[in-house]
Every structure is written in C-alpha cells, then in structure tokens.
Amino acid sequence: MVDKQRVIPLIVATALFMENMDSTVIATSLPAIAADIGTSPLTLKLAITSYLLSLAVFIPASGWTADRFGARMVFAIAVGVFMVGSVGCALSTSVTDFVFARILQGMGGAMMTPVGRLVLLRSVDKSALVNAMAWVTVPALIGPVIGPPLGGFITTYASWHWIFLINIPIGLLGIFMALRFIDPIKSETQEPFDLYGMVLAGIGLAGIAFGLSVAGLNLLPWSTVAALVVGGAISMTLYVLHARRTGSPVLDFSLLKLPTLRAAIFGGFMFRLGIGALPFLLPLLMQIGFGLSPFHSGLVTFASSLGAMGMKTLAARLIRTFGFRNLMTVNAVVSAFFLGVCALFTVTTPLLIIMVILVVGGFFRSLEFTAINTVAYADVETAQMSRATTLVSVNQQLAVSAGVAVGAACVETTMWFSHVSELNATVFAPAFIVVALTSAASSWFFWQMPVDAGYEISGRKAVEIASRKGAGKGAAKAAVKVATEDTQDVRDQRLG
C-alpha cells in the first residue's frame, strides 16, 4: 500500500507531463515542420489547434467511459491512443495527415487528464491526497515552460520528428506501470450515456475553447472568432437546459452545490486564467522585448518550474497548518503579486533577479494549484467522482484558453492605445497587471468556503479536536487515520 501511494501519483504525473509538454513543445518547431511537409507555418498553426478541438469534444465523455469500462483500462488505452497519434505526427507528410494525427492525440489526451485524476482519487487514501496532487500538479506547470526550449533544442540539433517519438518510451512505461500497480476499480452503477448532451457540450466547448485560443493571434478574422465563441456559448446554454431534464448528464452542474467544488471551479477558473497567460506572455517578452533566443528564453522561464518542484515537499504541511480556506485565500493574492511583478521587467533588469522572482512565484503558484486540485474533491461522494473530474478538467481547459485570449487582447489593446504597430517590451506591462488582478480576485471565492473545508484531507480539524480533548498525539493520529480507513473500505468493497 505504501508503495502504491507513491507510485500511482508518479504514473499519472508522467502521463500528464507527456501531454502538457507535447502541447507546447511544437511551438518553436513550427517553421521546420511546415517546411518539411510543404506548407506554411500559419496553415500548420490552424492544424495544431485541431488538438484543442478534439480535446474539448471528448473530455465530457471521459467520466462515463471510466465508469463503464474501468478507470485503469481507459487510462492505459488513452495513453496508447496518444502514442499512436504521436507516431502519426512524426510520419506525417501533409497537413491532412498532421491534422488527423493531432485529432487522435487529442482523443487520448481528453481521456488521460480526467481519468488519470480519477485513478488517483480512487487509489490513494484521502490522508495522502495532498502529497499525491502535489506530484500531479508539477507536470502542468513544467510542461508549458520546458516545452518551447526542448522543442527548439530537438529541432536544432536532431530532427522535429523526435518531438513526437520521445513519447513512445514514456507511454510504454506508463501503460506497463498502470496495468501493474493500479487496481481495476469500476463504478458500482452503470448509467446510460447522454449522447445528446455529449453533442451539445462538445460543440459548445469546442467553439469556446477554439475561439478563445485563436483570439488575438491573428490566425482568423475577428468575425470568425466571435462566431465561434458565440456559437459555443449558445450550444452550452442549450446543454444546461438539457442537463436539468436528464438524470445522467455528461457535465453534472448540480455538483456546484458543494461549496468546496464550487470554489475550486469558479475561483480556480479565475486563478488559472491569470496564471495561464504567463507561458504565453513571458516568452514573447523575453524573445521579442528583450531579444533573447528561444532557447535562452526557455532557460529563463524554466526557473518557475524549479519553484514548483520545491513546493511538493511542503504542500501537505502548509495546508495542514493553515487549512484550505486560509491558505488558498492568502496564497492567491501572493501568487498574483509575483505575477504582477513581471510588469516591472525591463531590458536592464538583471536576468538573475528575473529568475529569482520566477522561482519564488512558481512555488506559490504550484502550492495554489495543488490546493485547488485537492479541495475540489473534498466533499464529492465516491459515486460522483467521475463526474467531478470531468467537470474540473473542462474548467481547466477553458481557463487556459481564456488566459491566452485575455493576455493577447491586453497586448493588442495597449498597442492600439500607444499607436504602436510592432511588439516591444513596453506593451506587455498592462497585460501582466490585468491577469494578476484577475488571479487575485479568485481569493474571494476561496474565502467563501467553510472554515473547516477539506479537513478530512488536510487533517487540520481532526488534529485540533483531538488536542482540545487532551487525547494526545495518539488520538490525533487516530482521528486523521479515519479518512484513510474510509478510503480503504471503499476500495476493498469495489474490488470485491
């Protein structure tokens, strides 16, 4: 059991790292790929966004699929599908081939993230969930940062094909480890598949996510972008009306009645929106504003990942000491502060100071992500876990897309007011301030949570009660152990 508490988070983290890195590593390699398959980088960018479309369409089906066929099997198959899509990308000789391969990757990625998180929730004891989530959070922060410099390095010194082929050994190891260490847990109840809801939600999410992703990037006319977002919003509205009339919706918004999940969804969306703009704005500032090469820019921005790595050893202790509500409320503001400090970066700012700020900011951002991802499931019943993971995954995808859109819109607005036609270092400061204020505003949602939010996971309330009764350390440990026993009982029952 002790080994699984450590191994399973690493299995899920490895798969998520592969997905997060792959989605960003292509950015610096677009010219080389486009030249090799005989197309323009602009056309290839539109082809790459097919991954986002596939992701948005298939995420809503992930929860039902995991319940129907078992989270372990679906997770392993999702990794396999992602690998096949990676091989397809490497073997592509035309834009059409590349588009189909990216759609296949998106199908695998849509299942890997929510189902991987579901595997974690069903396999790891509640008392160890914070540490487990800390491991899973790190790939989401490191992937977008390490992707661009790694893509540039591989393309420069090897071949762009290896960007996709490196996923093969990682995926094979992930499948083997998943089948070896993850228990074959299935849902006790088999619900009918909401096909009509799946179509409405898929169209809605695809339109909104794709529209927001390309907004401000000058890939499509603004009228087309607006039509995508508005059309997606209309489809999602129709889905909400439909979901009220069905007993098994693919996206269960009734879960928002839970205060912890509601705070994680709404507060997490605003926090991720601001932080999600950082991997978009910072490389542009470093490369276009300060004149650094893509590789050196990537080395600077990688500093934030060092802070994220340092967080995972302290997350559980900090949450247990301060509690979810207090820590998330204050830390959201602190994280936003370090994001806003990026607005002060100039050409004369020493790179060492920039890297120190990014390291410290990365620590607090990673801590907040870990807390958000963990407290979201604090009050969710076991039978509702698959629906909750699907809802959280959709929310994250939309937040990241919105972050890029807001960051790009702020930069373009600043250029318009300043009457500047080309990007320079001065047009990024307002964007950093806007996204920082957006992230800071998330603290209001976190403060609305109950004082004892997530106490079964953090152990904070259990320890305090035992101490007030004078029961000593032994009783405190016994109180904290209750969550572990509950989780074990549920797992044992499901395994028969």
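**Aromatic contacts in the predicted model**

Phe337, Phe338, Phe363 and Phe364 form one aromatic cluster. The model is predicted, so local features need pLDDT of at least 70 and side-chain atom pairs count only at pLDDT 80 or more, while totals for chains, interfaces and linings use all residues. Residues are numbered from 1 along each chain as its sequence is written, and side-chain values use heavy atoms, with hydrogens and water left out.

A search of the whole structure finds 12 aromatic pairs. Rings of Phe, Tyr and Trp (its six-membered ring) pair if their centres lie within 6.5 Å; planes under 30 degrees apart count as stacked, over 60 as edge-to-face and the rest as tilted. The pair of Phe271 and Phe369 is edge-to-face, because the planes stand at 75 degrees, with ring centres 5.4 Å apart. Phe271 belongs to helix H13 (residues 259-276) and Phe369 to helix H19 (residues 351-375), so the pair ties together parts 98 residues apart in sequence. Helices are DSSP runs (H or I, at least four residues), numbered from the N terminus. Both Phe271 and Phe369 are buried.

Phe338 and Phe364 are stacked, at 5.8 Å centre to centre and 15 degrees between the planes. Phe338 lies in helix H18 (residues 324-341) and Phe364 in helix H19, so this pair ties together parts 26 residues apart in sequence. Buried means under 20% relative accessible area, exposed over 50%, and partly exposed in between (1.4 Å probe, protein chains only). Phe338 counts as buried at 17% relative accessibility. Phe364 counts as partly exposed at 22%.

Charges also sit over rings. The charged end of Arg325 sits over the ring of Trp447, 3.8 Å from its centre. The criterion is NZ of Lys or CZ of Arg within 6 Å of the ring centre and within 35 degrees of the ring normal.

Technical notes. Helix = DSSP H or I, 4+ residues; strand = E, 2+ residues; numbered from the N terminus.
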